[in-house]
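Below are some comments on the fold, kept to what can be read from the coordinates. Please read them alongside the sequence and the structure.

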Amino acid sequence: MPAQHVSFIGSGNLAWHLAPAFDNAGFVVKEVYSRNTRHAESLTGRLYQAEVKATLDFSTSPSSIFIVAVNDGNINEIAREIILPDEAVLAHTSGSVPLTDLQFAATPNIGVFYPLQTFTKNKKVDFRQTPIFIESTSQETEMILTTLAKAISHQVRRIGSEERKALHVAAVFASNFTNHMLTISNAIMQQNSLEYDWLKPLISETVNKSLQLGAKEAQTGPAMRGDLETLEKHLIFLKDDPSVAEIYKIISQHIIDKYHEG
């Protein structure tokens with residue numbers, strides 16, 4: 001069976017990494033559509049045969065798989081507007097958007113292709129270690145998407161829309177919120193003429209210990225100990241930044257409630 005061709009709708013951070021991964025795995029990317037033509041041109045420059053597609057009319061496309069890698073709020077609109085070849089497979093890459101958002105697309109072959117990873121254009125991603133979650137109401141479509149996923153990843157799993165939503169919420173806490181805490185930490189260091197590099201061994205050890213021992217067992221700090229005196233000193237220190245002080249207070253209280261129930 002010859003390798004199937006793929007087209008991308010979207011040229012953001014995920015497409016920037018996923019499209020070349022498909023190319024290198026033998027699933028040749030033929031087209032890239034984006035509302036920002038310059039972004040589409042930049043992405044096609046990373047691919048072997050891809051061309052910029054000016055519209056959502058893919059009726060004469062050589063591709064059989066179409067990957068929608070756009071902001072969540074645009075997925076339903078694209079599904080309604082896209083024109084596809086017969087028997088095309090259409091899949092979105094969102095963690096939180098249900099499969100039903102594709103139900104009005106011009107194909108019954110719809111699915112979800114969700115890589116559980118954080119993507120930034122200037123940071124390389126190892127897809128082999130990235131879990132990819134597949135969903136479809138069609139066994140044939142699921143098989144096609146699973147084959148596509150296994151070509152780039154060692155971890156491919158089936159998942160339903162509700163489970164995927166829970167996974168995405170957990171991922172936001174694990175990744176996005178954690179990174180924002182580091183952003184706040186960096187700002188505090190800068191504001192006090194301290195070097196952020198001093199914290200890097202602590203950050204590495206915190207993550208490694210959590211993964212090795214389990215997050216609950218690895219928890220330390222004044223809130224976990226119930227050290228109210230230190231917590232009060234920290235809140236006084238943060239009095240000139242009420243929003244950060246509120247974050248500190250809410251998280252500390254949540255830790256106290258978790259470890260000092262009853």
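**Notes on the sheet and its helices**

1. In strand β6, G111 is the bridge partner of A91. The pairing between β5 and β6 is parallel and runs over three bridges. Please keep in mind throughout that this is a predicted model.

2. Strands β6 (residues 110-115) and β7 (residues 132-136) are paired in the antiparallel sense, with five bridges.

3. How is β6 covered on its two faces? I110, V112 and Y114 lie on one side, G111, F113 and P115 on the other, and all of them are buried. In count terms, six of the six residues of β6 are buried, and the strand is mostly covered.

4. The sheet as a whole is open and has eight strands, in the order β3-β2-β1-β4-β5-β6-β7-β8, with mixed pairing. Which strands stand at the edges? They are β3 (51-53) and β8 (156-158); each has a single partner strand, so one side of each lacks a neighbour in the sheet. Direction ignored, neighbouring strands of this sheet are turned against each other by 25° on average.

5. Two helices deserve a comment. Helix α1 (residues 13-24) lies across β1 (6-9), β2 (29-33), β4 (65-68) and β6, and runs at about 175° to β1. Helix α5 (residues 161-191) also packs on the sheet, where it touches β5 (89-92), β6 and β7. The direction of α5 makes about 20° with that of β6.

6. V169, F173 and F177 form a nonpolar patch on the surface, and their accessible area together is about 300 Å².

7. Why does F177 count as partly exposed? The relative accessibility of F177 is 41%, and the partly exposed class lies between under 20% for buried and over 50% for exposed. The residues of β6 are, by contrast, buried, six of six.

Definitions and conventions
Residues numbered from 1 in each chain as written. Predicted model: local features only at pLDDT ≥ 70, side-chain atom pairs only at ≥ 80, totals over all residues. Heavy atoms only, no water. Pairing = 2+ DSSP bridges. Helix = DSSP H or I, 4+ residues; strand = E, 2+ residues; numbered from the N terminus. Axes fitted to C-alpha atoms, helices over the stretch in contact; angles between N-to-C directions. Contact = heavy atoms within 4.5 Å. Patch = residues over 30% accessible without salt bridge, like charges linked within 9 Å, V, L, I, M, F, W, Y side chains within 5 Å. Areas by Shrake-Rupley, 256 points an atom, 1.4 Å probe, with all protein chains shown as cover. Salt bridge = Lys/Arg side-chain N within 4 Å of Asp/Glu carboxyl O. Buried < 20%, exposed > 50% of the residue type's maximum accessible area, 1.4 Å probe, protein only.
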